[in-house]
Amino acid sequence: MNDMSANTALKSEQGKDDAWVPSSCAICYGNCSIVGHRVDGVLVKIEGNPESVIGKGRLCGKGVSGIMTTYDPNRLTVPLRRTNPKKGLDEDPGWKEISWDEALDEIASHLRRIHKEDPRKLVMHRTTTITSSRTPMGSFAAAFGTPHISAAGGGLHCGNGAHQLSGMMHSSWSVVPDFEYCNYSIFFGASKGHAAGHASCSNMGLAADARTRGMRMVVVDPMCNFAAAKATEWVPLRVGTDGALALALCNVMVNELGIFDGPYLQAKTNAPYLIGPDKRYVRDAASGKPMVWDTRANAARPYTDAVAADMALEGEFEPSGVHCKPGFALLREHLKKCTPEWAEGISTVPAANIRRIAGEFAREAKIGSTIVVDGVTLPYRPVAAIAFRGSQGHINSMYNLFAIDLLNQLVGAADVVGSCLGFNPACHGFPETGRLRYVPHPDADGLMIAGMWMSYHYPYPIPEPKVPRRIGLQDLYTLGMISPFDHCDEGEALWKKFEFPYRPEVLLNFGCNVVMSIANKETVARSLAKYKFIVSIDILLNETSVFCDIILPDASYLQQTDSRPNFPFMFNLPAGMGEWCWPIRQPVLPLEGKQRRFQDVLIELADRVGICADYNAAYNAQMRLEPPYRLEGDTKYAFDEICDRELKNNFGAERGLEWFKKHGVIKWPKKPEEVYWRAFVDVRVPVYWEFMTPLLEKTVAIAEPRGVKIHREFFEPLPDFLPCPSHTCKKEGFDFFAFYYRDTIHANSFTTENPWLDEASQLDPLSYAIAINEDSARKRGLSEGQQVWLENEGGRKVKGRLRLTQAIHPEGLGVGGCAGHWASKGMPIAKGKGVFFNDLLELDAAHSSPVNLNLDLCAKVKVTPVGGVQ
Amino acid sequence: MNVRWDSVVVNSRFWAEPPSPAAARPPSCKEGTEQISVKVWLFGGLASSLDERPVEVKVLERFSVSDVIAELGRRYGDEFLDRVVGPDGRKFKHCRVFVDGFPADNVDAQVHTGSSPALVEMILVTAIEGG
């Protein structure tokens with residue numbers, strides 16, 4: 001355990017304030033550990049904290065620039081109330097300063113009313129940037145009794161496919177190569193290890209070391225930017241076709257090369273489970289368990305009664321007169337149609353390259369090999385296929401991600417040495433207290449239930465569809481997490497069809513700029529205008545603020561306390577061997593003006609609404625506080641006190657908030673059985689999604705009698721390539737696929753206001769531009785720097801300047817991040833910079849997945865020079 | 001080379017379950033056939049239709065969380081049960097239950113012994129998504 005107490009002694013000999021304060025960044029959801037250098041009350045520098053595992057002393061450009069966000073002269077310092085009752089994108093709210101008491105009284109009066117009428121009328125949004133806001137915000141929602149808490153655009157764009165798949169197959173929020181041991185990685189639209197995403201700065205170092213060591217990195221992406229520029233090989237493909245490519249790679253491996261890890265499939269997946277003609281498991285009549293064909297007994301037996309090595313993966317059987325095949329046999333047959341030539345037609349990736357990459361991946365997996373790590377002999381599969389926002393941001397996100405992870409599953413490269421790893425799916429707990437212990441476990445069918453998850457909607461088992469009562473309909477579309485229906489125009493019609501007994505009335509927003517972060521602004525604006533009352537807690541006024549009734553000035557992350565900025569471990573702690581690490585966030589600077597910390601504001605609101613006891617109970621549940629650290633009765637605690645209790649609850653009475661303020665972090669070593677848990681835990685994962693068949697039947701039974709059509713092709717047990725709406729657009733002149741990418745010097749939309757990051761973006765030729773393939777542009781008479789309109793099929797348009805480059809697929813148009821702010825107040829530096837890509841996105845059922853509600857994030861567009869024909 | 005992966009890690013007890021606080025308590029000397037009164041605090045959405053808190057239910061003195069949920073179901077009906085348990089009768093993971101301040105994750109385990117009063121707390125935690 002480290003000791004930073006010498007550094008954090010705040011006074012020098014002369015009594016001068018000169019301190020390095022350990023804390024946590026929150027410019028992006030990576031939340032890396034930092035130290036802030038404060039001299040005479042002024043923050044002069046932010047660096048990575050070398051004592052912490054989260055970042056390991058590294059810090060990206062966003063992190064070091066946090067000074068400028070905190071000292072932004074446009075920061076909110078007082079509560080504001082609108083005086084103009086009319087709400088709209090172009091309406092000036094007429095802000096007037098009010099006291100905190102006035103603000104809280106008014107907010108509490110609205111909350112008390114709906115709490116009495118129907119708590120579900122409250123909708124809460126929270127930014128993904130401050131990861132740990134999930135605890136205070138989620139606890140408030142639980143205490144109030146509303147199921148409506150959403151991570152809005154940040155979550156809708158990245159989460160429904162990627163997190164679901166990672167959770168179901170790896171028991172983690174996301175996946176990454178085991179950088180220390182991996183020799184061959186394929187990145188499908190993922191920038192992990194390249195200054196973005198979960199465990200951002202830690203992975204940056206790990207990926208760089210892996211590349212130096214010789215790890216081959218194949219990046220599948222329509223654009224050669226942050227990941228591909230550092231890769232061994234860039235594989236450009238047509239936007240949104242990753243699933244087709246992955247299926248062809250799988251086909252080459254199992255059908256052309258015959259390479260797969262049979263013993264892994266037998267023991268760790270449902271590949272040997274017998275599937276009947278109804279697409280369901282053949283079950284044992286007595287126990288109800290799925291059956292396998294036991295080759296030793298030459299009979300069908302419950303999966304628990306046969307030795308894995310004796311379970312058939314191939315063949316046709318007829319136990320009790322039911323014709324059936326193992327799931328793997330069906331998968332193998334299914335893949336045969338996915339030839340490299342077929343995939344080339346869809347993705348434009350040459351068939352020869354597909355065969356070569358499949359062969360390299362399969363052979364490099366070293367199936368059957370072992371390695372010794374820290375004295376423990378373990379399976380060794382040094383290959384990984386990972387995916388994230390790029391490949392998942394499409395209507396077919398579920399199958400795209402399923403197909404990509406099949407590459408890992410087929411060769412047994414899942415949570416073993418060198419393979420595709422979840423971020424810390426299993427923890428044996430803090431040695432001194434046994435707290436924080438979790439591990440995946442099997443359900444009755446032997447399939448894996450995650451050991452820990454960040455929502456009640458566990459990735460598996462799939463919840464039963466119900467007549468929906470959540471405004472996003474996630475209780476009907478139960479593979480969905482965040483929903484487009486919260487804000488789309490069809491919401492009201494759907495709520496009527498399902499006879500909702502209430503409507504959303506009050507929005508409590510924490511740091512989300514939903515007008516920009518979800519899709520086109522007009523649709524989102526219409527949804528916001530329907531709320532009777534909106535309150536936002538934020539640091540700046542932005543495009544969403546104009547719809548708010550009250551704005552409350554929040555502290556910046558450098559003025560906050562938080563006991564769990566990096567928990568759960570499956571979110572942001574780097575995967576692989578090393579150490580477990582628990583940092584805290586503590587104030588480096590005091591509050592200014594009338595700013596208050598959002599956690600304390602929520603406690604104050606709970607008190608005024610009369611739900612303090614419920615809020616305490618929710619914190620007890622979320623933090624698993626046990627006696628003597630549980631929050632009692634309706635006592636109104638300060639948030640610092642709650643943090644202190646959580647830390648003592650987990651790490652012992654002597655390690656409360658004051659201990660962590662001095663020491664910064666606590667660490668303890670990981671064990672091989674934790675990191676490479678898959679070999680030690682008796683769980684299986686589904687390579688044949690049998691649950692899709694009953695899910696379809698139940699969803700259809702609820703939806704279709706009420707006039708809501710369910711598209712069957714999304715509910716098949718085996719993955720397929722299903723085109724995006726952009727792939728089916730045949731309108732003349734619409735010949736580019738526009739997409740946005742995460743610029744690694746920006747996070748969500750608010751960092752474009754940061755002057756250092758703005759300067760960096762202006763120096764970067766791509767950040768504020770529309771990247772277009774040079775040859776494609778010249779064929780159309782388009783030139784470098786030319787200002788153009790991008791227009792989608794529905795006539796929505798955005799404007800920007802072209803940047804000609806060879807580093808993009810000939811049919812792609814790449815736009816950086818979420819830029820193009822227009823708010824007249826609050827963000828003057830960001831205003832007018834870059835392109836507001838999301839304005840090209842439709843927000844409706846036609847552009848949303850009928851299985852997991854994923855919003856399609858690409859658009860087929862026409863490019864037209866501003867000012868007329870070129 | 002070419003080792004069956006599952007032959008590598010046989011008989012590892014690394015992930016064997018540690019004793020839970022409830023199991024570590026001394027068993028009651030009685031057989032557990034007498035009924036006791038349990039105070040149940042329902043929080044958040046579960047409390048929205050209640051007139052007063054806590055509610056009192058009668059269960060066998062050596063009770064499990066399932067016993068308490070069943071008794072609450074008899075009292076408050078299917079609307080309550082639909083929010084707490086799935087069609088298979090298993091408690092939802094997002095329904096958190098504490099008995100005498102300790103989390104009760106296994107609904108079928110005996111969570112309280114003896115005739116001393118027990119306090120049960122239940123709350124539905126909400127979906128936290130994204131990122």
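**Chain B and its partner**

Modeller: Let's begin in chain B, where strand β1 (residues 35–42) and strand β2 (residues 55–60) run antiparallel and are joined by 6 bridges. Helices (H or I, at least four residues) and strands (E, at least two) are DSSP runs numbered from the N terminus, and two strands pair if DSSP finds at least two bridges between them.

Biologist: Before we go on, what kind of model is this, and how is the numbering done?

Modeller: This is a predicted model, in which local features need pLDDT of at least 70 and side-chain atom pairs count only at pLDDT 80 or more, while totals for chains, interfaces and linings use all residues. Residues are numbered from 1 along each chain as its sequence is written, and chains are lettered from A and ligands numbered from 1 in the order in which they are written.

Biologist: Thanks! Which residue is the bridge partner of B:Val40 in β2(B)?

Modeller: B:Val40 is partnered with B:Val55 there.

Biologist: And how does β1(B) pair with strand β5 of chain B, parallel or antiparallel?

Modeller: Those two pair in the parallel sense, over 5 bridges, with β5 covering residues 118–124 of chain B. In β5(B), B:Leu119 is the bridge partner of B:Lys39, and B:Glu121 is the bridge partner of B:Trp41.

Biologist: What is the strand order in that sheet?

Modeller: The order is β2-β1-β5-β3-β4 (chain B), an open sheet of 5 strands with mixed pairing. Its edge strands are β2 and β4 (102–103) of chain B, each pairing on one side only. Helix α2 (residues 65–76) of chain B packs on the sheet and touches β1, β2, β3 (95–99) and β5 of chain B. The direction of α2 makes about 125° with that of β2(B); axes are lines fitted to C-alpha atoms, for helices over the stretch in contact, and angles run from 0 to 180 degrees between N-to-C directions. As for contact, two residues qualify if their C-beta atoms, placed from the backbone, lie within 7 Å.

Biologist: What's the overall pattern of chain B?

Modeller: Along the sequence it reads α-β-β-α-α-β-β-β, with 3 helices and 5 strands.

Biologist: And how confident is the predictor in chain B?

Modeller: Chain B averages a pLDDT of 81, and 79% of the residues score at least 70; pLDDT is the predictor's confidence in each residue, from 0 to 100. Over residues 22–30 of chain B the pLDDT is below 50, and this stretch has 11 contacts in the model beyond near neighbours in sequence. For the complex, the predictor gives an ipTM of 0.90 and a pTM of 0.96.

Biologist: You mentioned β7 of chain A. Which sheet holds it?

Modeller: An open, mixed sheet of 7 strands, in the order β5-β4-β24-β23-β22-β6-β7 (chain A). β5 (96–97) and β7 of chain A stand at the edges with a single partner strand each, so one side of each is left without a neighbour in the sheet. Helix α5(A) lies across β6, β7 and β22 of chain A, running at about 175° to β6(A).

Biologist: Changing topic: A:Thr269, buried or exposed, and why?

Modeller: A:Thr269 counts as buried because it has 29 C-beta neighbours inside 10 Å. The cut-offs are 20 or more other C-beta atoms within 10 Å for buried, 12 or fewer for exposed, and partly exposed in between, with C-beta atoms placed from the backbone.

Biologist: Where does A:Thr269 sit, and what is it in contact with?

Modeller: A:Thr269 lies in the loop between α10 and β12 (274–275) of chain A. Leaving aside neighbours within four places in sequence, A:Thr269 is in contact with A:Gln409, A:Arg684, A:Val685 and A:Val687.
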